[in-house]
Amino acid sequence: MIERWCDLNGPLMRFRAEADDLLAPAFEGWTLTETPPGDRADFTLDVAYAPFTEAPADAPLLFEGVAPPDLHCVVRQVGEYEHYAIDGRATLLLGDRSGELRVCRGEERLVRSGIAFQTIGAALTLGDQLVLHAAALELPASEAAVLVFGPSGFGKSTTTLSLIAAGWSLLSDDISVIKRVAGTDRVWGLPLGLKVHRNTAALLPWLKPLMTEAWNLEQEQTLSVDKLSAFLGVAPANQKPREISSIVVLTGRNPERHRFDALAKSDALRAIVADNLSRNLQGIGARQQARLGRIAELVRNVPTFGLSAGPELQSLSSEILTGLNRSD
């Protein structure tokens with residue numbers, strides 16, 4: 001049995017499998033930092049090749065629909081575990097301190113998918129941490145960070161890349177982790193490769209040397225954080241939790257000019273919850289109720305703004321910085 005460990009800014013997570021081929025995708029896909037084995041794991045994920053199995057038909061149904069990476073998923077409560085049946089290709093049993101991911105041969109990529117990431121989210125909660133679908137960027141010449149929220153298609157990657165080019169540091173383009181430190185929420189990131197749409201590349205000509213002609217069916221390609229950092233001549237950000245100075249919610253594109261204004265807390269909470277909270281057939285489950293409380297507390301304690309970016313992206317950073325300074 002092969003083991004690999006990582007420190008999730010507090011909780012120690014252990015990955016176990018018979019072959020490293022089953023573990024490598026997780027560390028490559030989520031940029032996890034491997035650490036020496038500890039005396040005791042806070043959360044253990046066992047990964048194995050195994051045939052697909054359905055949950056008992058009489059087990060309470062929690063969710064049925066599409067889950068990352070765009071696969072049909074059925075979640076049922078089986079005893080103390082949530083049973084994820086993923087499109088006939090994989091099965092995940094998720095508990096409070098352990099998980100079992102069983103994948104069919106040829107489906108190793110699911111070890112780095114959003115489904116498998118559920119286990120990291122469960123491990124993080126043990127350290128009073130919360131995973132959010134949001135970009136996180138460190139302000140220029142500062143250790144404070146800004147959280148940027150927006151559903152897919154609202155320009156989060158375009159906004160992120162524009163700010164990076166202007167001297168902001170990338171903590172994460174998609175997966176941000178909120179950690180409670182001395183009673184205050186801070187943020188660190190698990191950066192994935194940035195998904196760059198063909199339209200984004202056209203809006204940001206400086207990206208051209210980094211792009212290939214290999215666009216997928218969604219007209220996107222992935223740009224690795226390391227490749228982007230090397231091109232810009234900056235070191236990738238570490239996983240030290242940063243102070244959260246503000247929350248920015250993307251409200252769609254503006255055809256004329258940038259609009260960066262204070263956003264009502266209720267509107268910010270509504271937008272963030274819509275993109276970060278799942279509902280089961282009975283409403284909001286216990287895990288999601290806890291998430292809702294943490295999100296509401298974060299929004300209550302941090303200034304919130306709405307951003308509608310205009311076509312002239314070179315001035316986006318200065319527009320945001322001016323707005324933030326004006327609100328101080």
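Select strand β20, residues 304-308. Both of its faces are covered: T304, G306 and S308 are buried on one side, F305 and L307 on the other. Buried here means under 20% relative accessible area, with exposed over 50% and partly exposed in between (1.4 Å probe, protein chains only). Helices (H or I, at least four residues) and strands (E, at least two) are DSSP runs, numbered from the N terminus.

A word on the source: this is a predicted model, in which local features need pLDDT of at least 70 and side-chain atom pairs count only at pLDDT 80 or more, while totals for chains, interfaces and linings use all residues. Residues are numbered from 1 along each chain as its sequence is written, and side-chain values use heavy atoms, with hydrogens and water left out.

Strand β18 (residues 242-250) runs parallel to β20 and is joined to it by four bridges; strand β19 (residues 259-262) pairs with β20 in the antiparallel sense, over four bridges. Two strands count as paired if DSSP finds at least two bridges between them. Click on F305 in β20: this residue is the bridge partner of V248 and also of A262.

Next, select helix α3, residues 156-165. How many of the 10 residues in α3 are buried? Nine are, so that the helix is mostly covered by the under-20% cut-off. Among them are K156, S157, L161 and I164. Zoom in on T160, which lies in this helix. Why does T160 count as buried? Because its relative accessible area is 0%. Leaving aside neighbours within four places in sequence, T160 is in contact (heavy atoms within 4.5 Å) with A135, L137, L170, D173 and L194. Just after α3, look at G167, which takes a positive phi of about 105°.

From here, move to the second largest pocket, with a volume of about 260 Å³. On a 1 Å grid over the protein atoms alone, a pocket is an open set of points with protein on both sides within 12 Å along at least five of seven lines, a cavity is a set where a 1.4 Å probe fits but cannot get out, and lining residues have an atom within 4 Å of a point. Grid points are joined across faces, edges and corners, and a volume is the space filled by probe spheres set on the points. Select W168, S169, L170, V234 and A235, the closest to the pocket centre of its 19 lining residues. Helix α5 gives the largest share of the lining, four residues. By type, the lining has 13 nonpolar, six polar and no charged residues.

For the largest cavity, select I86, A90, L101, L110, S113, I115 and A116, which line it. About 30 Å³ of space lies inside.

Last stop: the largest nonpolar core, with 40 residues. Such a core is a set of buried Ala, Val, Leu, Ile, Met, Phe, Trp, Tyr and Cys residues joined through side-chain atoms within 4.5 Å. Helix α2 (residues 114-125) supplies the largest share, seven residues. Select I120, one of the residues with the most contacts inside this core. Beyond four places in sequence, I120 is in contact with L8, M13, W30, L32 and L190. Apart from this core lies another, of 32 residues, including L194, L204, L223 and F260.

Conventions: Nonpolar A, V, L, I, M, F, W, Y, C, P; charged D, E, K, R; others polar.
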